[in-house]
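Thanks for coming. Please have a look at it first.

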Amino acid sequence: MNRPPDKPLSLPGVLLVEDDEALRITQTLYLEQEGLEVTAVTDHTQAHQVLTRKRFDVVVTDLRLGRESGMDVLRDTRRLQPQARVLVITGYGSVDTAVTAMKQGAYDYLTKPVDPEQLVYTIKKAWEHQR
(Lines give C-alpha, C1' and ligand atoms only; values in the text may rest on other atoms or scores of the structure.)
Protein backbone atom coordinates (compact mmCIF):
# COMPACT_ATOMS: atom_id res chain seq x y z
CA MET A 1 0.00 0.00 0.00
CA ASN A 2 1.27 3.44 -0.88
CA ARG A 3 0.83 6.72 0.92
CA PRO A 4 -1.83 9.07 -0.37
CA PRO A 5 -0.28 11.57 -2.81
CA ASP A 6 -1.18 14.54 -0.60
CA LYS A 7 0.96 13.27 2.30
CA PRO A 8 4.40 14.91 2.43
CA LEU A 9 7.19 12.38 2.57
CA SER A 10 8.90 14.39 5.30
CA LEU A 11 6.31 13.47 7.96
CA PRO A 12 6.32 10.03 9.55
CA GLY A 13 2.98 8.27 9.76
CA VAL A 14 2.39 7.01 13.29
CA LEU A 15 -0.16 4.50 14.55
CA LEU A 16 -0.80 5.05 18.26
CA VAL A 17 -2.48 2.19 20.13
CA GLU A 18 -3.53 3.24 23.64
CA ASP A 19 -6.60 2.14 25.60
CA ASP A 20 -6.47 5.01 28.13
CA GLU A 21 -8.61 7.70 26.48
CA ALA A 22 -7.06 10.71 28.22
CA LEU A 23 -3.52 9.53 27.48
CA ARG A 24 -4.41 8.67 23.87
CA ILE A 25 -5.87 12.14 23.27
CA THR A 26 -2.99 13.93 25.01
CA GLN A 27 -0.31 11.95 23.16
CA THR A 28 -2.08 12.39 19.81
CA LEU A 29 -2.33 16.16 20.25
CA TYR A 30 1.30 16.45 21.32
CA LEU A 31 2.60 14.28 18.46
CA GLU A 32 0.52 16.22 15.91
CA GLN A 33 1.82 19.48 17.36
CA GLU A 34 5.32 18.15 16.70
CA GLY A 35 4.46 17.60 13.03
CA LEU A 36 3.68 13.88 13.05
CA GLU A 37 0.68 12.37 11.26
CA VAL A 38 -1.10 10.28 13.88
CA THR A 39 -3.83 7.66 13.63
CA ALA A 40 -4.98 6.72 17.14
CA VAL A 41 -6.90 3.58 18.08
CA THR A 42 -7.89 1.93 21.35
CA ASP A 43 -7.05 -1.76 20.97
CA HIS A 44 -5.44 -4.59 18.99
CA THR A 45 -8.59 -5.25 16.97
CA GLN A 46 -8.75 -1.65 15.70
CA ALA A 47 -4.98 -1.62 15.13
CA HIS A 48 -5.23 -4.76 13.00
CA GLN A 49 -8.00 -3.22 10.89
CA VAL A 50 -6.08 -0.01 10.23
CA LEU A 51 -2.79 -1.86 9.58
CA THR A 52 -4.48 -3.67 6.70
CA ARG A 53 -5.63 -0.39 5.11
CA LYS A 54 -2.94 2.22 5.72
CA ARG A 55 0.84 2.29 5.72
CA PHE A 56 2.73 3.48 8.82
CA ASP A 57 6.35 4.30 9.48
CA VAL A 58 6.15 3.84 13.25
CA VAL A 59 3.67 2.01 15.48
CA VAL A 60 3.51 3.00 19.15
CA THR A 61 1.59 0.55 21.30
CA ASP A 62 0.81 0.24 24.96
CA LEU A 63 1.66 -3.24 26.21
CA ARG A 64 -1.59 -3.70 28.14
CA LEU A 65 -4.70 -2.92 26.15
CA GLY A 66 -7.50 -4.00 28.45
CA ARG A 67 -7.96 -7.71 27.76
CA GLU A 68 -5.69 -7.52 24.70
CA SER A 69 -1.94 -7.20 24.41
CA GLY A 70 0.38 -4.81 22.65
CA MET A 71 2.48 -7.87 21.81
CA ASP A 72 -0.33 -8.85 19.41
CA VAL A 73 -0.04 -5.40 17.81
CA LEU A 74 3.72 -5.95 17.53
CA ARG A 75 3.25 -9.34 15.84
CA ASP A 76 0.60 -7.99 13.44
CA THR A 77 2.80 -5.07 12.49
CA ARG A 78 5.81 -7.30 11.84
CA ARG A 79 3.62 -9.51 9.61
CA LEU A 80 1.56 -6.85 7.80
CA GLN A 81 4.06 -3.99 7.62
CA PRO A 82 7.57 -5.34 8.24
CA GLN A 83 9.12 -2.00 7.26
CA ALA A 84 7.43 -0.22 10.20
CA ARG A 85 9.24 0.25 13.48
CA VAL A 86 7.34 -0.64 16.66
CA LEU A 87 7.73 1.10 20.02
CA VAL A 88 6.24 -0.71 23.01
CA ILE A 89 5.19 1.40 26.00
CA THR A 90 4.06 0.10 29.38
CA GLY A 91 3.49 1.12 32.93
CA TYR A 92 4.38 -2.41 33.96
CA GLY A 93 7.98 -2.55 32.83
CA SER A 94 10.16 -5.55 33.48
CA VAL A 95 13.39 -6.80 32.02
CA ASP A 96 11.70 -10.02 30.83
CA THR A 97 8.98 -8.12 28.99
CA ALA A 98 11.50 -5.80 27.37
CA VAL A 99 13.63 -8.73 26.20
CA THR A 100 10.56 -10.52 24.81
CA ALA A 101 9.40 -7.40 22.95
CA MET A 102 12.84 -6.80 21.47
CA LYS A 103 13.21 -10.45 20.43
CA GLN A 104 9.85 -10.24 18.65
CA GLY A 105 11.00 -7.24 16.66
CA ALA A 106 10.26 -4.12 18.72
CA TYR A 107 12.52 -1.21 17.85
CA ASP A 108 12.45 0.17 21.38
CA TYR A 109 10.73 -0.25 24.73
CA LEU A 110 9.69 2.68 26.94
CA THR A 111 8.13 2.75 30.40
CA LYS A 112 5.37 5.06 31.61
CA PRO A 113 5.21 7.83 32.34
CA VAL A 114 6.86 8.63 29.02
CA ASP A 115 8.19 12.15 28.63
CA PRO A 116 6.46 13.53 25.50
CA GLU A 117 9.74 14.95 24.17
CA GLN A 118 11.40 11.56 24.64
CA LEU A 119 8.54 9.89 22.79
CA VAL A 120 8.87 12.28 19.84
CA TYR A 121 12.65 11.83 19.81
CA THR A 122 12.31 8.02 19.84
CA ILE A 123 9.66 8.05 17.09
CA LYS A 124 11.84 10.26 14.88
CA LYS A 125 14.89 8.09 15.57
CA ALA A 126 12.89 4.96 14.66
CA TRP A 127 11.63 6.67 11.51
CA GLU A 128 15.15 7.64 10.44
CA HIS A 129 16.27 4.07 11.05
CA GLN A 130 13.30 2.78 9.01
CA ARG A 131 14.14 5.09 6.09
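Buried, in this talk, means under 20% relative accessible area. Keep in mind that this is a predicted model.

Let us start with strand E3, residues 58-62. Which way do its residues point, and are they buried or exposed? Val58, Val60 and Asp62 point one way from E3, Val59 and Thr61 point the other way, and all are buried. Counted up, five of the five residues of E3 are buried, and the strand is mostly covered.

Now the neighbours of E3. Strand E1, residues 13-17, is joined to E3 by four bridges, and the two run parallel. If you want a place to look, find Leu15, which stands opposite Val59 in E3. E3 also pairs with strand E6, residues 85-90, again in the parallel sense, over five bridges. There, Asp62 stands opposite Ile89 in E6.

Next is E6 itself. How many of its residues are buried? Six of the six are, so E6 is largely enclosed by the rest of the structure. Both of its faces are covered: Arg85, Leu87 and Ile89 lie on one side, with Val86, Val88 and Thr90 on the other. Moving along, E6 is joined to strand E7, residues 108-111, by four bridges, and these two run parallel. Thr90 has Thr111 in E7 as its bridge partner.

Helix H1 covers residues 21-33 and helix H5 covers residues 116-130. Their axes come within 10 Å and cross at roughly 60 degrees. H1 and H5 are therefore oblique to each other. The crossing of H1 past H5 is right-handed.

Which residues meet there? From H1 we have Gln27, Tyr30 and Leu31, and from H5 we have Pro116, Glu117, Leu119, Val120 and Ile123. The residues of this contact divide into six nonpolar, one polar and one charged.

Why does Thr28 count as buried? Because its relative accessibility is 12%, and the cut-off for buried is under 20%. Leaving aside neighbours within four places in sequence, Thr28 is in contact with Leu16, Val38 and Ala40.

Note on methods:
Residues are numbered from 1 along each chain as its sequence is written. This is a predicted model: local features need pLDDT of at least 70, side-chain atom pairs count only at pLDDT 80 or more; totals for chains, interfaces and linings use all residues. Side-chain values use heavy atoms; hydrogens and water are left out. Axes are lines fitted to C-alpha atoms, for helices over the stretch in contact, and angles run from 0 to 180 degrees between N-to-C directions. Angles under 35 degrees count as roughly parallel, over 145 as roughly antiparallel, 65 to 115 as roughly perpendicular and the rest as oblique. A crossing is left-handed if the near helix is turned anticlockwise from the far one by less than a right angle, and right-handed if clockwise. Contact means heavy atoms within 4.5 Å. Ala, Val, Leu, Ile, Met, Phe, Trp, Tyr, Cys and Pro count as nonpolar, Asp, Glu, Lys and Arg as charged, and the others, Gly among them, as polar. Buried means under 20% relative accessible area, exposed over 50%, partly exposed in between (1.4 Å probe, protein chains only). Two strands pair if DSSP finds at least two bridges between them.
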